[in-house]
Structures are given as C-alpha cells and as structure tokens.
Amino acid sequence: MKKEKVLFVIPAYNEEENIESVLKEIKKDAPFGDILVINDCSKDKTEEVVKKNKVKCINQIFNMRYAMNVQTGIKYAYQSNYDYVIQFDADGQHIAKEAVKLLEEMKKTNADIIIGSRYLKDMGYPCPLMRRIGTKIFEIIIKFFCKKKIADPLSGFQCLNKKVIERYSKMGNYPEFPDANLVIEMLLLGYKIEEIPVKMRLRENGESMHGGIIKPIKYMINMFYSIVFVLIQTPMIKKGK
C-alpha cells in the first residue's frame, strides 16, 4: 500500500519574523507532511530563512498576492501527485497540531474539503466585530443558497483532497479572495465540505492583508460581487458537465 503524500502549502510575503517558528512547528508536530513555501517576492529575508530551514521554496518574480500563491502551491501539489494539501498561513496564526485534526477528519468523513473553523465552537479566538459580522452574513448566504451551515467560510485553514487539488489547479478564474465565494461554488458543484473547530492564534508580527479600514471594505465589496458571479456561473458549469 503506497504512502499517502501530504503537502503544507504556505504563501509568504515579508514573513521573516514569523516563518521560522511556523516551519519548526510543522516539522515537530506534523512530520508526515512535506512543506512548500511560496515566497511572494518578499522584500525582507523570508527566502533566506526558509532555505536556512531546508524547506522547498518557490520564488515569485513579482508580487502575485495571496490567492495566486495558494494556487501556485496547489498546482505544484497536482503536478507532484500529492494526495492532500493543507493550506497553512506563514504568520503563525495556524497551529500544526490542529492541521493534524483536519487531515484525520478528512480521512474519517471522506470529505473533499475540511475547513478549520474559529466559530463552530467558542475556541477563544478574539475576532474584530466587523469581521465577525461579515462572516455571519456569508454564513447566512451559504445556508440560503447551498442549504449547508458553514460557520467560518472565510477560514483559509483547510485540507483539500486529490479531487479538489486537481480542480483548483486547473481553474483559470481562481478568485482573488478564495473564501466564501469558492465555498459556495464547490458546494453547488456537489463537493462535500465539512468543518471542525480549531484553535488559532493572533498574528504576532507584521501586518495582516486585511488590516486597516479600507482593505476590509474593499474585501467585502469584492466578495459580494464574486458571490453573485458564482451564483450566475455555476449552474452553467454544472450543465456543461
């Protein structure tokens, strides 16, 4: 029986202060997985830190932003015949022991995607009010259109199986923010998505890509437009199958 291959996909932009502890934690608590860092043309020493820790690193030649780096890692996983991808942040928010739970739940439930949820149970994660309100709105939208409760559709902490790896790697319209919009699309296409409660930390160093006031507003507007597009487009995709 062949050993199943697991890849941690870690997009990183200017994460030299956080990335080393993230890599060491994965090696210690999830040693079964390979690690791939996608360095998004960082201006700091992210690449040097990754290489010092003997971890494979793909360096983008210009800043591609979060989503394209995630898809780059998924494309690598597909071409390298991995069975599972675990999407993992470089800022220290995600916890390697919790990633183990995602993989175990996937094998137990035979789901296509397992989402690590901050809100399915009270796990002590302090979420800003506006982000919590936005998350609740997207939860309601998913419940209405997909008849499925997803408490944390904005969580990027996910485990993907081989079917999803292949689909994501071949998507020409992989969204700029692959969150609730992608959850809706995959549910409407018949993929099985489950959630489990996980612990997460707050970022210790650096700035979040959703930090400030303008970025969250722009994100919410883009997400609503993207969801409308998905709701229009997905029935046509299903019909074309």
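1. Helices (H or I, at least four residues) and strands (E, at least two) are DSSP runs, numbered from the N terminus. The model is predicted, so local features need pLDDT of at least 70 and side-chain atom pairs count only at pLDDT 80 or more, while totals for chains, interfaces and linings use all residues. Residues are numbered from 1 along each chain as its sequence is written, and side-chain values use heavy atoms, with hydrogens and water left out.

2. D152 lies in the loop that joins α5 (129-146) to β6 (158-160). With a relative accessible area of 0%, D152 is buried (under 20%; exposed is over 50% and partly exposed is in between, with a 1.4 Å probe and protein chains only). Apart from neighbours within four places in sequence, D152 has contacts (heavy atoms within 4.5 Å) with I115, G116, S117, R118, Y119, T135 and E195.

3. A nonpolar surface patch consists of L129, M130, I133, I137 and F224, which together have about 490 Å² of accessible area. Areas follow the Shrake-Rupley method with a 1.4 Å probe, and for residues only the protein chains shown count as cover. Helix α5 supplies the largest share, 4 residues. F224 belongs to helix α8 (residues 214-240) and is partly exposed, at 34% relative accessibility.

4. In α6, V164, R167 and Y168 meet L182, E185 and M186 of α7.

Note on methods. Patches are made of residues with over 30% relative accessible area and no salt bridge: like charges are joined within 9 Å, nonpolar side chains (Val, Leu, Ile, Met, Phe, Trp, Tyr) within 5 Å. A salt bridge is a side-chain nitrogen of Lys or Arg within 4 Å of a carboxyl oxygen of Asp or Glu.
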